[in-house]
Amino acid sequence: MAESSPRAGKIAATPWRRRLDRWLPKVSLVPSGLASLIFVYGFIAWTIWLSLTNSTLLPTNNFAGLRQYKVLFQLDIWWVSVANLAIFGILYVAICLAIGLFLAIMLDQKIRAEGWLRTIYLYPLALSLVVTGVVWKWLLNPSLGLQHFVQSLGWTGFSFDWLINPHMAIYTVVIAAVWQASGFVTALFLAGLRGIDSSIIKAAQIDGASLPRVYLSIIIPSLRPVFFSAIILLVSLAIKSFDLVIALTNGGPGYSTWLPAIFMYDFGFNRGQIGLGAAAATLMMAAVALAMLPMLIAELKERRDGRSH
Amino acid sequence: MAVLKIDNVSKTFGETRVLEDINIAMAEGEFLILVGPSGCGKSTLLNMIAGLETISSGTITLDDTPVNDRSPRERDIAMVFQFYALYPNMNVRKNIEFGLKMRGVDKGERAKTVERVAKMLQIENLLDRKPAQLSGGQRQRVAIGRALARDPALFLFDEPLSNLDAKLRVEMRTEIKQLHQRLKTAMVYVTHDQIEAMTLGDRIAVMNEGRVQQLGTPHEIYDNPANRYVAGFIGSPAMNFIECEFANGSVRLSSPEASLDLALPEATADKLAKHGQSKVVMGVRPEHLAPADGDEANALACPIEIVEPTGPDTYLLTHINDIEVTARCTPSVAPDVGTTMPLTFDTERAVFFDCQSDERIA
Amino acid sequence: MAGPTEDGIQRGGPIARLLIYGVLVLAALYFLMPLYVMLITSFKTLPQISHGNLFSLPAPFSTGAWSSAWSNACTGSDCTGLHRYFWNSVAFTVPAVAFSTLFGAINGYVLTKWRFRGSELVFGLLLGGTFVPFQMFLLPMARVLGLIGLDNSLAGLTLVHTVYGIAFTTLFCRNYYVTIPDELVKAARIDGAGFIATFRHVILPISTPILMVCVIWQFTQIWNDFLFGVVFTSGSEHPITVALNNLVNTSSTGVKRYNVDMAGAIITALPTLVVYIVAGRYFMRGLTAGAVKG
């Protein structure tokens, strides 16, 4: 009988506790969920809406259809920004991948001071892009920087004035950005290399394959997922690039190093063209989404395959 | 009074039914085993008893109180997990007393309990260690200690020994049995290992595909299996299932070398006759299939294909009715491979199943 | 002659090894060169800079550029050095890191150990946000901050960084807590611990590694941010990154003081650099974790 049991006291029901445990998990997710709904999804909708209005200095709600986009597409400065992004993005991604893969393979050869080298390769990522921009601005300074240094060594005809050359300035952005990120790509590839089963390499060598052959036909192909995530990461970094350019060239000379992110900031906040700024931001998001698409598809596919097992 | 009563309990996860219509009542001090293959629902059932899993329909009663809506905290239970689940940041002492602390037991009382439990399990010298510094066996002992400290009305064990190596498993099995005999507290013990089930349980619930196939004492389960599944699951080597024709009170058995009409006891023959189908499955445990001892009238000459000595017993493998059959004999009478040996059948202990439904007929 | 090493893989001979080491050291010099130049330039005087070359050591060492950068260099119209902006950055970075890490830990705990119908949806929402360029949030956020009176304030920056950091900290913590066996939480529930007690006594004490990752990742991201700082603050409320840019790029007063620029750059970089050197392995873990979904 329950009331005569000596344990009856031990199992006293406490409904309030039960209710607390049912509600607390939900309640504690509410702030983050709500913040995400408002500050991410709400703002996305808001920005898209702004891009469809004729907002200028102040946001308005006058629907203007795709007029801002039409205006945007007629602006040379927008197309300069897009072309710059294409040049910058392609070179940035390609060079980072090349340096990263190369250094990672070198580091994976049972190197003595590997930890030290890795630490050195990676530290630029801890720096603010503004700092990177400031340093490279100094290094690339034609009158006192690298050009001056090489000339002072005796090669007086040496010229490296890209920073002030409108046709070449965008490449200085590539140089600084690559310096910042290639150590990170190295670390990504190195982690990928460490994940490869070394018995596969041994087996291939026993079959008579040389080490370069093993890398070309076995190891590098199996790094596909690393390439994948590195590319996506670098592409989205490139699309968002802002601080580095501001610090390094401030968009100049002229508009020669503008990128969409600078366009968005300048039109949205300095020139009082909120509608245009919103349109530029929306197109940037579309570009990132486009870059993400392959990964999302691959992930969904993997999930479906995983479930069928 | 029932410590635990499970009435018509079912569990569904979305569309899939993992437990169907479970009914079990446990007496005070009983040691109940839930045994079955992985995925049979035994762990889910245990989690439902603990309150870690909701009940889709039916009622679970602890100490005459329905507890469907109660949290684990409000049920007078303690649980030991497969992977020990010791809190890695706490030393052994804190692990053991955590449940008491959460229930507001004061410090002095807690220290006394830890001392008592540690002494009982001989882990006094480990009290200040962290779980990471313990061996697998020590960890499981601490996990048991944590459950003991609470002095619950019911202990739940979720495959507690399956992570230990074979030797340690046997030792701990004995210890758990001794513990139960000393505490006389009811225990529900989940395992997939039929030897653990047989050695530990007062009663065993053999589960498969979300249903209790049979609930009974180890002897009942072993000698009187309710169906072919239970008969095959319990016992090692497994029971032999020989398909055969039943006619005129006997079944026909053929080895590659001879044939025999094996006469069945009257009671068995009556049941089979009443069942009315000529094709049946005869179940004979290896120890009930023995080399004939002089009297070879009711024996079948079988060519021995494989001989497996295990030490105490030797297993002989042959074919009867084109089915591989294992017989058990003492090593002294074991024949050589290739010789022919007359085998007798203990017809009193043989069981019969329906060919299609696998249900027991006789 | 190529010979097998202890792992059984055939590698190149001594000449090839030498080449590999040569390449790796060269790469290290490439990565270190800007830091070296930054350092030595900051200790030079202006005449030393214009007469010497980029890589020559300062002789004598001068700390004038440092004190100028800290206390009286001009950042735009204002000539009080970087120190107030340094403390600005500290003032919003510390709370933003703390809040976002705390929320991340709780979210990760709920998302792995107290799942409920719809919790995966919340996670999906949070995760989706990590892909969106911040430019999408600037215009509405500027408006909202104005409406709630937090425009041009450090509190506003704290809010912004907390909000947009939670997705990352949640992701980190969730991926970490997934690896903690559920049995541990079950055991705690059997022992009578509820939602809060389990978090406090069982989960939090074993979360140090992932909290380190969150703190370091968030600290680096927030300290180094420029975009939110330049958009949502002005003048005396700027974070140090914006002040550094102003110091370098908008000083109108005649002579460019490159040594002060470099000293300012080092002051800006120092906190994150120190964190990187002290807790590099957590930094790397955060990066790879963030990279997968970031």
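How many residues of chain C are in contact with chain B? The count is 14 residues of chain C, in contact with 17 residues of chain B; two residues are in contact here if their C-beta atoms, placed from the backbone, lie within 7 Å.

## About the model

This is a predicted model, in which local features need pLDDT of at least 70 and side-chain atom pairs count only at pLDDT 80 or more, while totals for chains, interfaces and linings use all residues. Residues are numbered from 1 along each chain as its sequence is written, and chains are lettered from A and ligands numbered from 1 in the order in which they are written.

## Where chain C meets chain B

Let us stay with the interface from the opening question. On the chain C side, helix H8 (182-190) and helix H9 (195-203) each supply at least two residues. Helices (H or I, at least four residues) and strands (E, at least two) are DSSP runs, numbered from the N terminus. H8(C) gives the most to this side, with 6 residues.

By class, the side of chain C that touches chain B has 9 nonpolar, 1 polar and 4 charged residues. In this scheme Ala, Val, Leu, Ile, Met, Phe, Trp, Tyr, Cys and Pro count as nonpolar, Asp, Glu, Lys and Arg as charged, and the others, Gly among them, as polar.

## Where chain C meets chain A

Turning to chain A, 79 residues of chain C are in contact with 84 residues of chain A. Helix H1 (residues 14-42) of chain C provides the largest share of the chain C side, 11 residues. That side divides by class into 52 nonpolar, 23 polar and 4 charged residues.

## Chain C: helices and overall form

Chain C has 14 helices and 0 strands. Its radius of gyration is 24 Å, well over the 19 Å that the globule rule gives for 294 residues, so chain C is more spread out than a compact globule. The radius of gyration is taken over C-alpha atoms, and the globule rule is 2.2 Å times the number of residues to the power 0.38. Along the principal axes, the C-alpha atoms of chain C fill a box of roughly 75 × 75 × 30 Å.

## Chain C: two domains

The domain assignment of chain C gives domain 1 (14-71) and domain 2 (83-293); such bounds come from an automatic or database domain assignment. The C-alpha centres of these two domains of chain C lie 32 Å apart. Their contact takes 14 residues from domain 1 of chain C and 11 residues from domain 2 of chain C.

On the domain 1 side, the elements that give two or more residues are H1, helix H2 (46-51) and helix H3 (64-71) of chain C. The largest share, 6 residues, comes from H3(C). By class, this side of domain 1 of chain C has 8 nonpolar, 5 polar and 1 charged residues.

## Chain A: two domains

For chain A, the assignment gives domain 1 (14-51) and domain 2 (76-308). The centres of these domains of chain A, taken over C-alpha atoms, are separated by 35 Å. Domain 1 of chain A puts 4 residues into the contact and domain 2 of chain A puts in 6 residues. The domain 1 side has 2 nonpolar, 2 polar and no charged residues.

## Chain B: domains and annotation

Chain B is assigned domain 1 (2-233) and domain 2 (240-354), and 40 Å separate their centres, taken over C-alpha atoms. Between them, 4 residues of domain 1 of chain B are in contact with 5 residues of domain 2 of chain B. The residues on the domain 1 side divide into 2 nonpolar, 1 polar and 1 charged.

An unreviewed UniProt entry carries the annotation "domain: ABC transporter" for residues 4-234 of chain B; UniProt positions are given in the numbering used here, feature names are shortened, and annotations may be inferred rather than shown by experiment. Over residues 4-234, chain B is 37% helix and 27% strand, with the end C-alpha atoms 25 Å apart.

## Chain B: a three-stranded sheet

Chain B also has an open sheet of 3 strands in the order E17-E18-E19, with antiparallel pairing; two strands pair if DSSP finds at least two bridges between them. Strand E17 (306-309) and strand E19 (323-329) of chain B are the edge strands, each pairing on one side only.

Strand E18 (residues 314-320) of chain B is joined to E19(B) by 7 bridges, and the two run antiparallel. B:Thr314 stands opposite B:Cys329 in E19(B).
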